[in-house]
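Visitor: I would like to learn how to read a protein model, one feature at a time. Please show me the structure and take me through it.

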Amino acid sequence: MNWKFLVTAVLSVIVLAIFIGLGTWQLQRMNWKAGVIAEIEAKIAADPVDLPNAPSPEADKFLPVQFSGQINAPYIRVLASHRDFGAGYRIISPVTLTDGRRILLDRGFIRLRQALAHAPATSLSLTGNLHWPEDRNSYTPEDDLADNIWFARDVEKMAAHLGTDPVFVILRTQTDPALHPMPVTTDSIPNRHLEYVGTWFLLAITWSVMTGFALWRMKRRNA
């Protein structure tokens, strides 16, 4: 018996099984992530409810809400980009609700050099989604407070700056002709598991071909 051939064959099968196992696991993860995204999409699109008194970042993220209030000054400009209009800013304003609470409102997108009119002086009925974005990371520049250019939607920091509760709502619909709504979507939630599935199964195929060729050569030499 050719022990070298046998050991090589066994080890090759083990490695192949690992590649296939990892590919199968990533396939399961892909289906799980797709289910999670579908649940979030359903939550985002649901009928709005009254804004909770003390919304939770864990339980109420993406919750559709409705409320009435007056948009106040000043506002924050968060650097952003729009698929149709290019570079610009998200406009974040404080809103005083009819019950006296003050929250943050993402009113929409405006182009870099476009002027923004004063907010309406009347109470508005507003609909949007609660959100606690995770925009800031180790590569995010420090916000330029002097020129009112922010680089991340940091709810705690924006709330402290504008004197509101750390509650952030992103409008669903347009309330100002100068602003283009950028409602909450799942576009920023990645599901790259299909790439990993392809990688592991491609490695399994490549490994099978290479191993088969190596074993064929070993068998031929020993024939």
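Visitor: Which residue in strand 5 does Gly88 stand opposite?
Guide: Gly88 stands opposite Arg111. Helices (H or I, at least four residues) and strands (E, at least two) are DSSP runs, numbered from the N terminus. The model is a predicted one, in which local features need pLDDT of at least 70 and side-chain atom pairs count only at pLDDT 80 or more, while totals for chains, interfaces and linings use all residues. Residues are numbered from 1 along each chain as its sequence is written, and side-chain values use heavy atoms, with hydrogens and water left out.

Visitor: How many bridges join strand 4 to strand 5?
Guide: Two strands pair if DSSP finds at least two bridges between them. Here nine bridges join strand 4 to strand 5 (residues 102-111), and the two run antiparallel. They form a hairpin with four residues between them. In that turn, Gly100 has a positive phi of about 100°.

Visitor: Which other strands pair with strand 4?
Guide: Strand 3 (residues 76-82) pairs with strand 4 in the antiparallel sense, over seven bridges. A hairpin of three residues joins strand 3 to strand 4, and His82 stands opposite Gly86. Strand 2 (residues 64-71) also pairs with strand 4 in the antiparallel sense, over three bridges. In that pairing, Gly69 stands opposite Leu97.

Visitor: Is strand 4 largely enclosed or open?
Guide: Start with the scale: buried means under 20% relative accessible area, exposed over 50%, and partly exposed in between (1.4 Å probe, protein chains only). Nine of the 12 residues of strand 4 (residues 86-97) are buried, so the strand is largely enclosed by the rest of the structure. As a general idea, in a regular strand the side chains alternate between the two faces of the sheet.

Visitor: How many salt bridges does the structure hold?
Guide: A salt bridge is a side-chain nitrogen of Lys or Arg within 4 Å of a carboxyl oxygen of Asp or Glu. The structure holds nine of them. One is between Asp84 and Arg83, whose closest N and O atoms are 3.8 Å apart. Asp84 counts as exposed at 53% relative accessibility, and Arg83 is exposed at 79%.

Visitor: Are Asp106 and Arg153 buried or exposed?
Guide: Asp106 is buried, at 1% relative accessibility, and Arg153 is buried at 10%. Their side chains meet in a salt bridge, 3.9 Å from N to O. Asp106 lies in strand 5 and Arg153 in the loop between strand 6 (124-130) and helix 2 (155-162), so the pair ties together parts that are 47 residues apart in sequence.

Visitor: Which residue forms a salt bridge with Asp154?
Guide: Arg136 does, with the closest N and O atoms 3.6 Å apart. Both residues lie in the loop between strand 6 and helix 2, so the pair ties together parts that are 18 residues apart in sequence. Asp154 is partly exposed at 25% relative accessible area, and Arg136 is partly exposed at 30%. Salt bridges that share partners also join Arg90, Asp106, Asp135 and Arg153 into one network.

Visitor: Which residues form the positive surface patch?
Guide: Patches are made of residues with over 30% relative accessible area and no salt bridge; like charges are joined within 9 Å, and nonpolar side chains (Val, Leu, Ile, Met, Phe, Trp, Tyr) within 5 Å. Lys and Arg count as positive and Asp and Glu as negative, with His and the chain ends not counted. The place of a charge is taken as NZ of Lys, CZ of Arg, CG of Asp or CD of Glu. In this model, Lys4, Arg217, Arg220 and Arg221 form a positive patch. Helix 3 (residues 193-221) gives the most to this patch, with three residues. Arg221 lies in helix 3 and counts as exposed at 56% relative accessibility.

Visitor: Which residues make the nonpolar surface patch?
Guide: Trp3, Leu6, Val7, Val10, Leu11, Ile14 and Ile18 make a nonpolar patch of about 670 Å². Accessible areas come from the Shrake-Rupley method with a 1.4 Å probe, and for residues only the protein chains shown count as cover. Ile14 is in helix 1 (residues 3-44) and counts as partly exposed at 44% relative accessibility.
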